[in-house]
Amino acid sequence: MTSTVSFKDKLKQIFSVILWDLKGCKGSLMVYTILASVFTVIIFTLVFVLTADQTSFSPLFSTESSPKISLSEKMQVFQVISSGIIGFLTLIFAIIYTVQIFSYMHNKRKVDFYGSLPISRARLFLAKYGAAYLFSIIPMLVFMGIIAIASVCTGTLLLPQVTNMYVNFIVGTLACISAYGFLSACCGTTFNTVIMFIAVCACYPLSMVFVRAYIDAFFTGSYTGNFSDSFITNALNPISAYFGNNLIYWIIFSVVCIALGTLLIMKRRSERAQTSFAYYIPCHIIKVIVSFLAGMFLGTMFGAINVFGNGVGGFVFGFILASAPTFLIVHMIFYKGLKQIVRTIPIYAGLAVVVIVGVVLINLDVFGYNTYVPKSEDVKSAGLICSEYSTVGKNISKYYTKSAGDFTDEADIKSIINVHNEILTKKKTNTTSKAKFSSVWGSMLYNTLREYASDEIITVAYKLNSGRTVTRYYSKNLLEMAATFDYEPIDYTDDTYDVDYGYSSSGFTQIYTAAKPVLSSKPYIMKYSGVANAGLNEDFQVSSVTVHALTKTYSEDSVYSSTIENYGEYSYDEKEKDPKEIAEKNSIMNDINAAFKKDLEADTAYLNGVLYDPFALLYNDDIFYDSSNDEDSVYSFDSLKYIREKYSKDYVCKIQLTYTNYDPEKAKKFIFGTNSTEEYEYYFVPKSYTNTIEVLKKYGLLKADYTLNKNSEYFNVPEYGDYDTVYER
């Protein structure tokens, strides 16, 4: 039968429903407004009043010479903190409004009442969606406007990151409301709907944490760095949309949930209200997720403590012991008893079989993932990146797959394969199932602290003749953790002392030694060094240049240096720097970098390990290897004297280049944190590098005889006097 209700009348019906729901949610809206107002005033007071006489937000570290906190900076702090609180309140109250508005579907009297109204089920359901969304978004946008107006009045615009926060809140609210509305259509009671929503938002992400940790622990060399923000990890957790994860997906997710919910509500029988479920599929999914999480927790624990003397046996026992009762308990909560329990047993049996068989297979490494190294004759090209010895390659995840095409020479391919074998033989990882299950817990901690933890990464990649690309991503922390859990004592006698590289008890020492032909090669430097990449994009720039050169001293070592730097606009003991001075220094540093890059590209007599020795970076922060304070420390890579004595007197200076790498992705997560990193590179410059020598002379860093110009404005005056004078005396 064709509807005779006009579009205008349909809008009136929807508007009437929204007004009706407004009366029911009036109390919650008032509480939201009060809380948001109070917290906004509190944050404003803390930021402006408590820091009125401070030069820093940390009074303990504030000094008279510290730069004063600007009004704009205070306002930006206020924007971020207050907006974060507004977003949190919006999340909480969006769920409260949604529970109140959709509760009518779980009450028979209300269902009958709404069914008697001259409005279709679909239109009523969509109107409820609209009401919940408007009640959540409009108050939030009002407070956003208040924050924006307060900022503009102080001459400060909203930070782009803050604007992005509100975009995330808008999408996140839509995702949460649509997900809850869909679950409401499937459930017969409000209790079941709330429990299912909490379970899917909490248990699914936690289950994915276990999945990621198992990949790290059982597949040595796998990369899971993007797992936390991936589609799979957050696919069923709409709250993650509040943090800006996969917004396009969540918009699509919301549309699908609204469409499916509307379709289900049109077919749902009225008598299903106040029963356990109107539709059972979501219930089975929730039971599987919760049971999986409980089983993985206890199974991993029992596997790690080696129950029955076998890690796998302990896992199987623990998984069944936890998952079976959990499945039963969740069923009893949803169904208020054991009704239909027999019909759902096959679902649990399928879960148990899949998980147990899967864990047994990956424990046995039946696919050979952990030990696979291709034969050189099967490799078309290969690549290797080390985070310690590549400035650009610090963000290895962006480069390691593409590196498979870096080297095509047979000798280079064999060197990379040799490094790969060195990793597998020296580390001896995951030799027992107990160590693997123990590593799962360690992997969880590592993944949680990955953003902050110091780690060393080596990746290898191969492009096979068959066209397949094989990659491995090895974390020093994860490898050593697995060995520790396996209770294997470290064999320090296996470490070597080499005058070229020094002694180190680090397990990666031999690996770095094996990798030297690749890491020190010209193709590697031209691909992953700062010199080759500086200035190619605005996120990666030279921030300082230090030149070490000989002077006419009796020490004949590079104890003097000159430095050009631009680390920031302010210095604690200086006024704001002149923008012209900053631009001039940037120009000089870029000229030096470009000149050296030009010389390096044209060099046909490149001497591996001397012009650029990546192993110098291993000791760049170690004072015991710093020849600047000890003329006899000739076995240091900081020593120009050592390089001249060992290789050639043609090396006239050493340049240290510092690069600032701005990370836009990190900036989205940490608004006031450090969104950039600084990396260092050392190069020894021979006389044949005429472009570099000439530009250093042009800017007064070197004299005509290749010695350091101590009269340069960039010369670093020694703190304890002129060494030349001391030696001459």
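Student: Of the contacts in the protein chain with a separation of 6 or more, what share comes from residues 24 or more positions apart?

Tutor: This is a predicted model, where local features need pLDDT of at least 70 and side-chain atom pairs count only at pLDDT 80 or more, while totals for chains, interfaces and linings use all residues. Residues are numbered from 1 along each chain as its sequence is written, and side-chain values use heavy atoms, with hydrogens and water left out. A contact means heavy atoms within 4.5 Å. For contacts with a separation of 6 or more, the share from residues 24 or more positions apart is 73%.

Student: How many helices and strands does the protein chain have?

Tutor: Helices (H or I, at least four residues) and strands (E, at least two) are DSSP runs, numbered from the N terminus. Counted that way, the secondary structure of the protein chain comes to 22 helices and seven strands.

Student: What percentage of the protein chain counts as buried?

Tutor: Buried means under 20% relative accessible area, exposed means over 50%, and partly exposed lies in between (1.4 Å probe, protein chains only). Of the 729 residues of the protein chain, the buried part is 51%.

Student: In which order do the three strands of the open sheet stand?

Tutor: Let's start from the edges: β1 (379-386) and β3 (469-475) each have a single partner strand, so one side of each is left without a neighbour in the sheet. Two strands pair if DSSP finds at least two bridges between them, and β1 is joined to β2 (residues 457-464) by seven bridges, with I385 standing opposite T459 in β2. The pairing in this sheet is antiparallel, and the order is β1-β2-β3.

Student: Which helix packs on that sheet?

Tutor: Neighbouring strands of the sheet are turned by 10° against each other on average, direction ignored. Axes are lines fitted to C-alpha atoms, for helices over the stretch in contact, and angles run from 0 to 180 degrees between N-to-C directions. The packing helix, residues 509-519, touches β1 and β2, and its direction makes about 115° with that of β1. This is helix α15.

Student: Are α9 and α10 roughly parallel or roughly antiparallel?

Tutor: Their axes are 6 Å apart and they pack at an angle of about 150°. Angles under 35 degrees count as roughly parallel, over 145 as roughly antiparallel, 65 to 115 as roughly perpendicular and the rest as oblique. The pair α9 and α10 is therefore roughly antiparallel.

Student: Is the crossing of α5 and α8 left-handed or right-handed?

Tutor: Helix α5 (residues 160-186) and helix α8 (residues 247-267) pack at an angle of about 25°, with their axes 8 Å apart, which makes α5 roughly parallel to α8. A crossing is left-handed if the near helix is turned anticlockwise from the far one by less than a right angle, and right-handed if clockwise. For α9 and α10 the crossing is right-handed. For α5 and α8 it is left-handed.

Student: Which residue in β5 is the bridge partner of A549?

Tutor: Strand β4 (residues 540-549) and β5 run antiparallel and are joined by six bridges. Strand β5 (residues 560-565) is mostly covered, with five of its six residues buried. The bridge partner of A549 in β5 is Y560.

Student: What is the phi of N306?

Tutor: Most residues other than glycine have a negative phi. N306 is found in the loop between α9 (281-304) and α10 (311-335), and is partly exposed, with a relative accessible area of 25%. Although N306 is not a glycine, its phi is positive, at about 65°.

Student: Is E410 buried or exposed?

Tutor: E410 is in helix α12 (residues 410-427). From C-alpha to C-alpha, E410 and K380 are 8.9 Å apart in space, while they are 30 residues apart in sequence. With a relative accessibility of 52%, E410 counts as exposed.
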